[in-house]
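This report describes how two protein chains meet in one model. The sequence and structure come first, and the description follows.

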Amino acid sequence: MSILVIAEHDNSSLKQATLNVVAAAKAIGGDIDVLVAGENVGAIAEAAAKAEGVNKVLVADNAAYGHFLAENLGELVAEVGKGYSHILTSAGTTGKDFMPRVAALLDVAQVSDIIRVESADTFVRPIYAGNAIATVKASDSIKVITVRPTGFDPVAAEGGSASVEQLDVVKDAGLSSFVGEEKAKSDRPDLASAGVVISGGRGMQNGDNFKMLEQVADLMGAAVGASRAAVDAGFVPNDMQVGQTGKIVAPQLYVAVGISGAIQHLAGMSDSKVIVAINKDEEAPIFQVADYGLVADLFEAIPQFEEELKKVL
Amino acid sequence: MKVLVAVKRVIDYNVKVRVKPDNTGVDLANVKMAMNPFCEIAVEEAVRLKEKGVASEIVVVSIGPKACQEQIRTALALGADRGIHIETDEEVQSLEAAKLLKAVVEKEEPKLVILGKQSIDSDNNQTGQMLAALTGMGQGTFASEVVVDGEKVNVTREVDGGLMTVALNLPAVVTTDLRLNEPRYASLPNIMKAKKKPLDAMSPADLGVEIAPRLSTLKVEAPASRQAGIKVADVAELVDKLKNEAKVI
Ligand SMILES: Cc1cc2nc3c(=O)[nH]c(=O)nc-3n(C[C@H](O)[C@H](O)[C@H](O)COP(=O)(O)OP(=O)(O)OC[C@H]3O[C@@H](n4cnc5c(N)ncnc54)[C@H](O)[C@@H]3O)c2cc1C
């Protein structure tokens, strides 16, 4: 078996999710090559070559891949990937965008968002917002798979010494072009891989009040997340949404503040190791999944939480 | 321009899903079914494009058993002009759905195809992208804004780091995210009018597509359930537990 992993990165650094995907590839077994497609990605290719268990790094460095346009990446990956038994990438928004194109171009099914590998053709994935867990078997000769990073412990980032090979395949479908982007800038850890996440919901009342959570987050080295209601209301940007249709997180500690605990929210955080809920409604469903629940008004509890943390951290 | 919207009949998002005791799937007997929420957003976007004079006709298509006609009628009541029902009782997976939709695209030649980014049952997030690849179209997935501008459409997309805008040649495929719009409700007079709107039924065979699933579901289980923990009395106790019991700070 031979597995092609498509690296996730932002043209400046390799995303940790790639290491989780390599771990999924190891669970399948076989030679693992990593494709780094992007623009000016030399350093990223070097980083990928150091990851544990990687055999070879293939580099497609071209402006056509600079913004990860799915039309171009889809053609590239379908061409490079057709000699492999498995093609894997992380189920982030980039992978979700281009991977189904790869599957369609290869005329094979895609298995989305796997959390476990049973065998080379059988995988486990959540459906119905995580309310059911399906074991699916893929019959196509090439398995196209997106991996939920939280399902697999990352391989070591250092220690490997894969060879690096430049590809000169340029695929520019000419169907789409990049216009612009608004990237949320933050010095806090990445939400998807942070060890601690503190999220606010509709109970936060406005965007300004999220500063309270940010102060606590900075004390704990945490990322800040949100419920859909908080994003829809415009308190915080969309990339902070945790849930079925937002980001999936599984930190060591998840603190839900003013969040009721709808199933769509739980789908994104219920694999966290320890869950804390702060909510003034003792009937809120979030308490059914919380290890530690505090029934309190968040506007009193959060400043106290900050003070108490300062004492112990 | 003509807009094609694909809609899926799924379990209502408020229903508590239960896994069948024999682990063959989830129990759909006597549960409330509805239009997938992302498909509602797709219909709404098409209707808004028509209200702005950008779209001239909205065709809505659904794949599945006879009962899908309810969701097509809902879309017609919301403002779509006519419906296409591809009737089958078999399980249709994303790749086949994309092939069926491709056949419809070839017949109808829409300038824009709008789909939901994922259906809340299988949570696959594949069909729109597959359709775009099979028809050689560009795609604007996870859209939070769609602006048609001459022969192009600008789509602002919700991505992991924030927002990203792409320009696509028309025809193109758009898949909707939650912030694209807030769907309206159908009014009673429009529900009545929708009953008279044209609805064509056809089979996958009529479209030359064979339903041959590539994925088989071996079993479906309930997730490991989390035990509710304890209530703490105050913040001091919370911090103490986090530090000394859970050891996560
Ligand atoms: C297709 C679809 C996809 C969805 N995807 C997602 C998703 O990915 N992520 C997601 O989060 N949701 C998602 N949702 C929405 C979800 O159903 C809920 O509507 C949403 O999670 C509710 O957010 P909330 O808990 O912040 O708000 P609410 O449910 O309104 O809860 C607010 C909570 O704050 C508490 N509160 C208020 N004031 C205070 C105070 N002063 N102190 C303490 N507590 C207070 C209240 O008691 C209440 O429990 C989706 C819905 C649909 C239909």
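## Extent of the interface

Contact here means heavy atoms within 4.5 Å. By that criterion, 76 residues from chain B and 86 residues from chain A take part. The model is a predicted one, in which local features need pLDDT of at least 70 and side-chain atom pairs count only at pLDDT 80 or more, whereas totals for chains, interfaces and linings use all residues. Residues are numbered from 1 along each chain as its sequence is written, chains are lettered from A in the order in which they are written, and side-chain values use heavy atoms, with hydrogens and water left out.

The area buried between chain B and chain A (accessible area, 1.4 Å probe, lost on putting the two together and summed over both) is about 6700 Å², with carbon and sulfur atoms giving 55% of it. In chain B, the residues that lose the most area to chain A are Asp160(B), Arg214(B) and Arg226(B), which together make up 11% of what that side buries.

## Salt bridges

Six salt bridges are counted between chain B and chain A, each being a side-chain nitrogen of Lys or Arg within 4 Å of a carboxyl oxygen of Asp or Glu. One of them links Asp232(A) with Arg179(B), where the closest N and O atoms are 2.8 Å apart.

## Strand pairing across the chains

Strands are DSSP runs (E, at least two residues), numbered from the N terminus, and two of them pair if DSSP finds at least two bridges between them. Strand S16 of chain A (residues 292-295) runs parallel to S13(B), joined by three bridges; within this pairing, Tyr292(A) has Ile230(B) as its bridge partner.

Conventions
Helix = DSSP H or I, 4+ residues; strand = E, 2+ residues; numbered from the N terminus.
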